[in-house]
Amino acid sequence: MTASPDIPRAWHRHGADDTVLLDGFHALKHALRFGASVPLAVATDRAAALALAEDLAPDVRAALDGLLTEVDEEVYRRLVPRPHPTGVAALALRPDRGAGLRALGRLPRTAPVVVLDQPRNLGNAGAVVRLAAGFGVTGVVTTGTLDPWHPTVVRGGAGLHFATVVERLDVAGLPPGPVFALDAEGEDIRGVRLPDDAVLAFGSERSGLTAELRARADRLLSLPMRSQVSSYNLATSVAMTLYHWSAQSPAGPPRP
């Protein structure tokens with residue numbers, strides 16, 4: 001598929017509130033694998049992108065062959081704020097919010113919900129979405145002002161927003177289930193079994209849990225940490241907690 005002079009116009013026409021930027025080959029690959037609707041995709045080197053798909057993701061090569069339009073570097077740089085090394089970008093329709101909320105609210109669950117309480121760092125939020133998708137959690141919920149569908153978060157999540165539910169809610173609207181909040185003053189997580197319907201809450205990188213979330217928690221848990229070490233990175237804390245859950249759960253994370 002060759003370049004079209006209408007690509008920038010079409011790109012900006014599709015770039016509304018109900019679309020999200022897929023920044024790079026891997027973000028597009030994951031979005032397609034998990035059922036995203038992608039109305040427009042571009043590459044600075046179409047043949048190279050298809051060769052990459054043949055090598056790393058043959059399951060989506062045919063879909064990419066039908067989607068990718070080649071554009072020159074100048075056009076590509078006009079479409080994306082931070083050009084990706086793979087020279088690939090796409091726009092995808094955001095999943096239906098109602099369906100996501102229903103999935104979050106459904107009980108029983110086979111995997112927890114992760115809550116990021118007023119996170120501040122876009123890259124950390126993206127890394128958590130990537131972790132959550134890998135562990136097969138029910139969803140990732142953020143509170144506060146950070147948009148979990150911000151392009152930088154989607155880039156950090158490698159497009160895996162489409163593999164789980166990603167929503168922003170207030171504390172009063174959190175999904176049902178026992179709330180286990182991670183806090184330095186909590187009991188050692190190693191002595192606690194985390195149920196599949198748990199809501200696992202993590203405070204912000206700088207301020208920790210808000211008073212509202214702390215009041216909502218059923219139990220406060222702490223991660224093992226050497227004395228004089230201040231804290232773990234947010235994504236590291238989520239990874240440790242999800243591994244603890246998966247090691248206890250009969251289901252655990254999904255298998256290939």
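E187 is partly exposed, with a relative accessible area of 38%, where partly exposed denotes the range between buried (under 20% relative accessible area) and exposed (over 50%), computed with a 1.4 Å probe on protein chains only. This is a predicted model, in which local features need pLDDT of at least 70 and side-chain atom pairs count only at pLDDT 80 or more, whereas totals for chains, interfaces and linings use all residues. Residues are numbered from 1 along each chain as its sequence is written, and side-chain values use heavy atoms, with hydrogens and water left out.

E187 belongs to strand β8 (residues 179-188), strands being DSSP runs of E with at least two residues and helices runs of H or I with at least four, numbered from the N terminus. Beyond its neighbours within four places in sequence, E187 is in contact (heavy atoms within 4.5 Å) with V192, R219, L220, L221 and S222.

After α7 comes G136, whose phi is positive, near 70 degrees.
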